[in-house]
Amino acid sequence: MPPQPAKRSIIVGRSVTSDILDSLRSPAGTTRRSIEHVDEKRESWASSPATRASMRANRGRDTGPEMALRRALHARGRRFFVNRRPVKNLRRTADIVFPRAHLAVFVDGCFWHGCPEHHTMARTNAAYWRAKVETNRSRDRETVQLLTQQGWTVLRLWEHVSLDDAVAQVEGALVSPAVNSL
Ligand SMILES: [Zn+2]
């Protein structure tokens with residue numbers, strides 16, 4: 001079991017810390033999964049951020065918006081890897097990875113990544129949660145920097161973005177000059 005926060009009065013499943021610890025524990029390459037056919041289970045793209053936060057907290061990965069995006073891209077003939085390190089020796093796992101295009105896509109949960117529109121501060125122990133989200137945000141910025149330095153295009157999508165918009169942004173990045181110049 002990963003270490004748990006001292007305070008447990010707030011019902012928000014997994015901590016950011018445990019997510020990070022989990023990712024650090026994964027030996028190189030074990031996060032790779034093959035291209036998959038997403039199941040037919042219905043996932044709503046835009047239910048409430050609270051629901052999103054809860055799902056994110058409970059499952060860590062494979063959230064509804066992320067799965068909906070994967071399914072939509074797959075249906076449009078796009079092929080990609082899921083939950084994979086874009087750069088093998090860099091301990092950062094992207095949600096959707098297009099190796100040839102050097103495009104890494106992250107679908108960021110509104111709560112955990114501090115969406116300016118939907119992040120609501122916990123009423124209890126606000127400083128504690130604020131610090132956790134700020135840690136995530138700085139890690140996100142660092143991830144963009146590190147991957148960009150390695151020649152990758154990084155696309156971060158808020159989970160509240162509409163599915164159509166998300167698909168358009170991914171496909172736009174796949175044909176952008178930044179990608180083509182690689
Ligand atoms: Zn949001």
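Predicted model: local features only at pLDDT ≥ 70, side-chain atom pairs only at ≥ 80, totals over all residues.
Four strands make up an open sheet. Their order is S1-S2-S3-S4, and the pairing is mixed. Strand S1 (81–84) and strand S4 (153–158) are the edge strands, each pairing on one side only. Direction ignored, neighbouring strands of this sheet are turned by 30° against each other on average.

S1 and S2 are antiparallel and share three bridges. Phe81 has Val97 in S2 as its bridge partner. S3 and S4 run parallel, with six bridges between them. Here Val107 stands opposite Leu157 in S4. S4 is an edge strand, yet five of its six residues are buried.

## Helix H3

Helix H3 (residues 64–75) lies across S1, S2 and S3. Its direction is at about 140° to S3. H3 has 12 residues, so at 1.5 Å a residue it should span 16 Å; the end C-alpha atoms are 16 Å apart, in agreement.

The buried residues of H3 are Gly64, Pro65, Glu66, Met67, Ala68, Leu69, Arg70 and Leu73. Gly77 follows the helix and has a positive phi, near 90°.

## Helix H4 and the crossover

S3, H4 and S4 form a β-α-β unit, and the unit is right-handed. Helix H4 covers residues 126–149. Its 24 residues should span 34 Å at 1.5 Å a residue, and because its end C-alpha atoms are 34 Å apart, the two values agree.

Which residues of H4 are buried? They are Trp129, Asn136, Thr143 and Leu147. An α-helix has 3.6 residues a turn, so residues three or four places apart point the same way. Just after H4 comes Gly151, with a positive phi of about 90°.

## The nonpolar core

The largest nonpolar core holds 29 residues. Val97, Ala104, Val105 and Leu157 touch the most other members. H3, S1, S2, S3, S4 and helix H5 (163–174) each give two or more residues to this core. S3 provides the largest share, five residues. In soluble globular proteins, nonpolar side chains tend to be buried together.

Val97 links the core to the strand pairing: Val97 is among the core residues with the most contacts, and Val97 is also the bridge partner of Phe81. Leaving aside residues up to four places away in sequence, Val97 touches Phe80, Phe81, Arg84, Pro86 and Ala104.

## Loop residues

The loop between strand S2 (94–98) and strand S3 (103–108) contains Pro99. His102 sits in the loop between S2 and S3 as well. Pro99 lies 15 residues from Arg84 in sequence, and their C-alpha atoms are 9.9 Å apart. His102 is not a glycine, but its phi is positive, about 55°. It has 18 other C-beta atoms within 10 Å; the cut-off for burial is 20 or more, so His102 counts as partly exposed.

Asn125 is in the loop between S3 and H4. Its phi is also positive, near 60°, in a residue other than glycine. Is Asn125 buried, exposed or partly exposed? With 16 C-beta neighbours inside 10 Å, Asn125 is partly exposed.

Note on methods: Residues numbered from 1 in each chain as written. Expected span 1.5 Å × (residues − 1). Buried ≥ 20, exposed ≤ 12 C-beta atoms within 10 Å, placed from the backbone. Pairing = 2+ DSSP bridges. Axes fitted to C-alpha atoms, helices over the stretch in contact; angles between N-to-C directions. Contact = placed C-beta atoms within 7 Å. Right-handed = clockwise from strand over helix to strand, strands pointing away. Core = buried A, V, L, I, M, F, W, Y, C linked by C-beta atoms within 7 Å.
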